[in-house]
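Trainee: Could you pick one part of this model and take me through it closely? I'd like to see how it sits in the rest of the chain.

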Amino acid sequence: MHRKQNAITIKINKMETQEKTIITIESTVNAPVEKVWEYWVKPEHITKWNYASDDWHSPWAKADFREGGNFSARMEAKDGSFGFDFGGVYDIIRKNEYIESTLGDGRKVKVTFSAAGNKTKVVESFEAENTNSVELQKGGWQAILDNFKKYTEAN
């Protein structure tokens with residue numbers, strides 16, 4: 001009797017794990033959480049604070065603000081010399097408390113909003129990318145958060 005044996009091929013993928021660097025920035029905004037939340041998520045406000053320095057701006061922003069919805073914003077130098085689109089997908093949304101998203105390059109971002117009367121602490125943590133130094137990334141994201149604080153408190 002002749003038995004045919006099935007050949008089983010097992011492919012093993014070597015998985016390389018690399019520890020991710022998490023950068024955390026924060027600011028306390030002198031405004032109630034409902035206002036802070038609105039100014040954080042609505043495109044008409046995002047364009048007013050979403051840049052790191054005064055020689056940059058954010059000419060447009062779009063947000064399908066729901067879990068699974070996409071967001072994007074244009075960030076560019078006012079003189080037109082450089083710019084880029086920045087976006088991703090909303091993963092988890094808990095109104096006035098928490099937003100978790102995945103950027104277009106796969107990095108995770110988590111933002112918590114903690115109300116304390118007429119003040120709101122905003123803490124943002126994100127996975128660092130490998131192109132720019134951690135210090136440069138932290139400084140840039142903190143400058144944007146500082147612009148958010150300034151804009152929200154002034155309006």
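Mentor: Reading from the N terminus, the elements of the protein chain go β-α-α-β-β-β-β-β-β-β-α. That comes to three helices and eight strands, taken as DSSP runs (H or I, at least four residues, for helices; E, at least two, for strands) and numbered from the N terminus. Keep in mind that this is a predicted model, where local features need pLDDT of at least 70 and side-chain atom pairs 80 or more, while totals for chains, interfaces and linings use all residues. Numbering starts from 1 along each chain as its sequence is written, and side-chain values use heavy atoms, without hydrogens or water.

Of the 155 residues, 35% count as buried (under 20% relative accessible area with a 1.4 Å probe, protein chains only; exposed is over 50%, partly exposed in between). Among contacts (heavy atoms within 4.5 Å) with a separation of 6 or more, 48% are between residues 24 or more positions apart.

Aspartate 105 has a relative accessible area of 52%, so it counts as exposed. Its side chain makes a polar contact of 2.8 Å with that of arginine 107 (N or O atoms within 3.5 Å, one able to donate a hydrogen and the other to accept it; sequence neighbours count only through side-chain atoms on both sides). Phenylalanine 86 is 19 residues from aspartate 105 in sequence, and their C-alpha atoms are 9.7 Å apart.

Follow arginine 107 and you get to glutamate 127: Arg107 is one of its contacts, along with Lys20, Thr21, Ile22, Gly106 and Lys108, leaving aside neighbours within four places in sequence. Glutamate 127 belongs to strand S8 (residues 119–127). With 12% relative accessibility, glutamate 127 counts as buried, whereas aspartate 105 is exposed.

Elsewhere, helix H1 (residues 33–41) meets helix H3 (residues 134–154), their axes coming within 11 Å and crossing at roughly 125 degrees. That makes the pair oblique, the class left once under 35 degrees is called roughly parallel, over 145 roughly antiparallel and 65 to 115 roughly perpendicular. H1 brings Lys35, Val36, Tyr39 and Trp40 to the contact, and H3 brings Leu145, Phe148, Tyr151 and Thr152.

Technical notes:
Axes fitted to C-alpha atoms, helices over the stretch in contact; angles between N-to-C directions.
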